[in-house]
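Here are my notes on the model you passed along. Have a look at it first, then read on.

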Amino acid sequence: MACGVVRKAVWTPSNRSDHGPNINGSLGLKTLALLLTLFVTNALGADQLIEIDTGRKTGVFVRSPVLQRAILSPPAQATGTALLFFRGWPGIGWIETAGDKARNLLPFMREAEPLLHAAGIALVIVDCPTDQWGPRPRSTFPESCDDTFRSSTSHAGDIRRLLEKLRTEHGMTDFYLLGHSYGSISSKWLALALGDEIRGSIHSAAMTVQGGGPYQRYGSSAALVPMEKIRARVLHLHHRQDACPNTPYAAVQGYARENLVSIEGGAPTGSDPCGALHYHSYRGVERVAAEAVVRWITQGLLTPHAGIAEDQGH
């Protein structure tokens, strides 16, 4: 597969005589303008699969290129701003087509997507590279893409290549990171590694307690990230009643200080305290959390309390 391929629909002229043999002639320039217009119209607002050859190889008997994939969800208008999203558990998206977007967006981010677009911000759903997918596709029990990789120079290098592609092929210049739950291990280490290459990072329901049993490699580096050395702006987003044992609110409150938005309200509709239908993922107040993110990116405003506490004037 070619390096850095973006799969898009291709416009094919039905009558080659329309554009004529001379691109410098008036007819040729008009046709070129039409082609560009059709291309841009097709690209804007349409989800696109991005694939980047990392330069690494994987496999024992057959060596295959390692690909870094992401799904670009752009607004209808051209934009220079993008939010890169790193999903929560199991942390791997197994992205193969742009159609894999929905299953990689928890309700909170589905609520955020149209708000981001309305604010002129593209959403980029980032996967682990294909050599980190593990032996069991779409398993809720991952065996790879753990803290060792997420804190590595390889991970930072892959995301640098992604940022460069978004710059050169999509005209984007301002980048933000958002990691939710286990995805915050990526967003924190990347914020440290990328420095001034990004405008800011958002750490939502951040994992601060490592997993147990066979999952001790997940979250093991959470306390090792020197947050004070991150150059770009930082936002922490967390529900006060987060009941997930790996993401206690008190731990984040201890180090986030004035950079914390505390979400309140909502009501769980699921039994898993670490799942998408619980306080952990802002169930019932997804829009409140999403609005806090958009407000921080677009206006630089941080609302210390959002949800019930905000409504009560706290």
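The points below cover a helix pair and the disulfides.

1. Ground rules first. This is a predicted model, in which local features need pLDDT of at least 70, side-chain atom pairs count only at pLDDT 80 or more, and totals for chains, interfaces and linings use all residues. Residues are numbered from 1 along each chain as its sequence is written, and side-chain values use heavy atoms, with hydrogens and water left out.

2. Helix H2 (residues 107–118) packs with helix H7 (residues 286–299) at an angle of about 45°, and the axes are 8 Å apart. Axes here are lines fitted to C-alpha atoms, for helices over the stretch in contact, with angles from 0 to 180 degrees between N-to-C directions. Helices (H or I, at least four residues) and strands (E, at least two) are DSSP runs, numbered from the N terminus. H2 and H7 are therefore oblique to each other; that label covers whatever is left after under 35 degrees (roughly parallel), over 145 (roughly antiparallel) and 65 to 115 (roughly perpendicular).

3. Who touches whom? On the H2 side, the contact is made by Pro-107, Phe-108, Glu-111, Ala-112, Leu-115 and Leu-116; H7 brings Glu-286, Arg-287, Ala-289, Ala-290, Glu-291, Val-293 and Val-294. Contact means heavy atoms within 4.5 Å. By class, the contact of H2 with H7 has nine nonpolar, four charged and no polar residues. Ala, Val, Leu, Ile, Met, Phe, Trp, Tyr, Cys and Pro count as nonpolar, Asp, Glu, Lys and Arg as charged, and the others, Gly among them, as polar.

4. On to the cysteines: the structure holds two disulfides, a disulfide being a pair of cysteine sulfur atoms within 2.5 Å. Numbered in sequence order, the bonded cysteines pair 1-2, 3-4.

5. Cys-128 and Cys-145 have their sulfur atoms 2.0 Å apart. The torsion about their S-S bond is about -85°, so this disulfide is left-handed. Both cysteines lie in the loop between strand S5 (121–126) and helix H3 (147–150), so the pair ties together parts 17 residues apart in sequence. Cys-128 is buried at 4% relative accessible area, and Cys-145 is buried at 0% (buried is under 20%, exposed over 50%, partly exposed in between; 1.4 Å probe, protein chains only).

6. Cys-244 and Cys-274 form a disulfide with sulfur atoms 2.1 Å apart. That link is right-handed, with 90° about the S-S bond. Cys-244 sits in the loop between strand S8 (233–239) and helix H6 (249–256), and Cys-274 in the loop between strand S9 (260–264) and H7, 30 residues apart. Cys-244 is buried, at 4%, whereas Cys-274 is partly exposed, at 29%.
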